Amino acid sequence: MAKKGHSSPNILGGYTHYDEHGKKTGSSRPNILGGYTDYDANGKKVGHSDPNILGGYTHYDNKGHKTGRTDPTFTGYVHYDKNGKKVGDSSPDILGGYTHHDSEGCYIATCVYGSYDCPQVWTLRRFRDDGLRKCVLGRAFVKLYYKTSPQLVQKLGRYEAFRLVNRAWLDRFVKRLQERGYTDRPYEDRGVQ
């Protein structure tokens, strides 16, 4: 899962959006209907997001055409395009904002450690890109993992027992990976190889 950027709370009660390099891409400000009005980096209105009955948002462009939706999950939000295809997700940051990722996700590890950007997950992401994706069986495992783990986390991720059991084996696995040379320094995903 590659980091696509982040959104930080702003003084207007909304969010300021940044790309993966920290460059401002726009902002969202609360509107009177409970959703957000969206602006580009220059302050030009580009659309709006209306709240859904189940807690997410439906997104529209300036002409009122639906551009996608965002659904809540236990660990943040999942984003879909106008055709219902998943295009990414967002996980909460310590400071109240969100980190955005593309459609692949380290779902179980992010659920267990609470962040996509933490030392343990950086180690696991290095192993995925530098280890698993270098061989046919590894790539098949990654594909299967990204197909099954989102549903698993959505159903069980809210339970402390799920996180504790997975934390125990992940801690041991991460330690072994670090002993093999996979570091826990900040990491930017390289995507499918």
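**Salt bridges in a predicted model**

Colleague: Which residue does Asp129 form a salt bridge with?

Modeller: Asp129 pairs with Arg128, and the closest N and O atoms are 2.8 Å apart. A salt bridge here is a side-chain nitrogen of Lys or Arg within 4 Å of a carboxyl oxygen of Asp or Glu. Keep in mind that this is a predicted model, where local features need pLDDT of at least 70, side-chain atom pairs count only at pLDDT 80 or more, and totals for chains, interfaces and linings use all residues. Residues are numbered from 1 along each chain as its sequence is written, and side-chain values use heavy atoms, with hydrogens and water left out.

Colleague: Is Asp129 buried or exposed?

Modeller: Buried, at 0% relative accessibility. Arg128 counts as buried too, at 4%. The cut-offs are under 20% relative accessible area for buried, over 50% for exposed and partly exposed in between, with a 1.4 Å probe and protein chains only.

Colleague: And what about Arg167 and Asp171, where do they lie?

Modeller: Both are in helix α4 (residues 160-179), four residues apart, about one turn of the helix. Helices are DSSP runs of H or I with at least four residues, strands are E runs of at least two, and numbering goes from the N terminus. Arg167 forms a salt bridge with Asp171, at 3.2 Å between the closest N and O atoms. Arg167 is partly exposed at 33%, and Asp171 is partly exposed at 33%.

Colleague: How many salt bridges does the structure hold?

Modeller: Five.

Colleague: Switching topic, how many helices and strands are there?

Modeller: Four helices and 10 strands.
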